[in-house]
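This briefing is meant to be read beside the sequence and the coordinates.

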Amino acid sequence: MPDSPHTVSDVMTHTAVAVGRHATYKEIVELMQQWKVSALPVLEGEGRVIGVVSEADLLPKEEARDGGSEQWGRPPTQAAKAGAVSAEELMSSPAVTVHAGATLAEAARIMARRHVKRLPVVDEVGMLEGVVSRSDLLKVFLRPDEDIAGEIRSTIVHRLPATAQLEVSVTEGIVTLEGSLRDRALVPLLARAVSAVEGVVDVRLDLDEAQGVSP
């Protein structure tokens, strides 16, 4: 039972706003405000990503403004960023990136593990191809219910044994499978496969031979 084939390239922003290593602090803030983004890739040469400047990289300057005694205990990197004036000094490097062919689940895991909201999308040699954000990954939940149901029928239910008699319905992204499935061993596999379809919020099984089984 194949997973849904959606990848980062399906949802990413292909025209990405970026800065060079010599961009000034104020230029970076202005671009973030203009384009309503929380981070900017930093590029070198013809477009190779060498780092990322985020709001978190910019905030130490404001935090240090009152000059309180707690500033003496700041980590060296935070203290350095408080005095930084260019993208080269502010950026987090190396950049946390993702490839366009990565699955949406892979991109989501990277964001969660590295605590970032946006990922530069790069090719095999590190050249910028676009940017994917948390909100981009959530776009799959805007899929029409009928599209989700159609994918489940064609890629999952259609491959079940002929003895399986299942009806698929989707409401607000919640999938309900009703009917009979004689082979109980297929139930957890079926639930996982349906859960993997992009846009599925939840899976509910109402099967004659597998009552009370949930994914």
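With a relative accessible area of 8%, S133 counts as buried in this predicted model, because the cut-off for burial is under 20%. S133 belongs to strand 6, which spans residues 128–133, and, once neighbours within four places in sequence are left aside, S133 is in contact with M111, K117 and R118. The model as a whole is a predicted one, and the points below place this residue in the context of the chain.

**Overall fold**

- The secondary structure of the chain comes to nine helices and nine strands, and of its 215 residues 41% count as buried.
- Among contacts between residues at least 6 apart in sequence, 56% join residues that are at least 24 apart.

**The largest nonpolar core**

- The largest nonpolar core has 24 residues, and the residues with the most contacts inside it are I152, V168, V175, L190 and V194.
- At least two residues of this core are supplied by each of helix 8 (145–155), strand 7 (165–171), strand 8 (174–180), helix 9 (186–195) and strand 9 (202–207).
- Helix 9 gives the largest share of this core, namely six residues.
- In soluble globular proteins, nonpolar side chains tend to be buried together.

**Helix 2 against helix 3**

- The axes of helix 2 (residues 25–35) and helix 3 (residues 55–63) come within 11 Å of each other and cross at roughly 125 degrees.
- The crossing in which helix 2 passes helix 3 is left-handed.
- On the side of helix 2 the contact involves Y25, I28, V29 and M32, which meet E55, L58 and K61 in helix 3; by class, this contact of helix 2 with helix 3 has five nonpolar, no polar and two charged residues.
- S54 itself is found in strand 3 (residues 48–54), and S54 counts as buried because its relative accessibility is 19%, where the limit is under 20%.

**Buried positions in loops**

- A164 is found in the loop between helix 8 and strand 7, and its relative accessibility of 13% means that A164 counts as buried.
- Apart from neighbours within four places in sequence, A164 is in contact with S180 and L181, while A164 and R182, which are 18 residues apart in sequence, lie 6.8 Å apart in space from C-alpha to C-alpha.
- G199 has its place in the loop between helix 9 and strand 9, and G199 is buried, with a relative accessible area of 4%.
- Not counting residues up to four places away in sequence, G199 touches V140, F141, I148 and G173.
- The C-alpha atoms of G199 and I174 are separated by 9.0 Å, although these residues are 25 residues apart along the chain.

**Backbone features in loops**

- A cis peptide bond, with omega about 0 degrees, joins S93 and P94, and P94 is found in the loop between helix 5 (87–90) and strand 4 (98–99).
- H115 is a residue other than glycine with a positive phi, near 55 degrees, and H115 is placed in the loop between helix 6 (104–114) and strand 5 (118–122).
- H115 counts as exposed because its relative accessibility is 69%, where the cut-off is over 50%.
- E172, which is not a glycine, likewise has a positive phi, of about 55 degrees, and the place of E172 is in the loop between strand 7 and strand 8.
- At 67% relative accessibility, E172 also counts as exposed.

Notes. Residues numbered from 1 in each chain as written. Predicted model: local features only at pLDDT ≥ 70, side-chain atom pairs only at ≥ 80, totals over all residues. Heavy atoms only, no water. Axes fitted to C-alpha atoms, helices over the stretch in contact; angles between N-to-C directions. Helix = DSSP H or I, 4+ residues; strand = E, 2+ residues; numbered from the N terminus. Left-handed = near helix turned anticlockwise from the far one by under 90°. Contact = heavy atoms within 4.5 Å. Nonpolar A, V, L, I, M, F, W, Y, C, P; charged D, E, K, R; others polar. Core = buried A, V, L, I, M, F, W, Y, C linked by side-chain atoms within 4.5 Å. Buried < 20%, exposed > 50% of the residue type's maximum accessible area, 1.4 Å probe, protein only.
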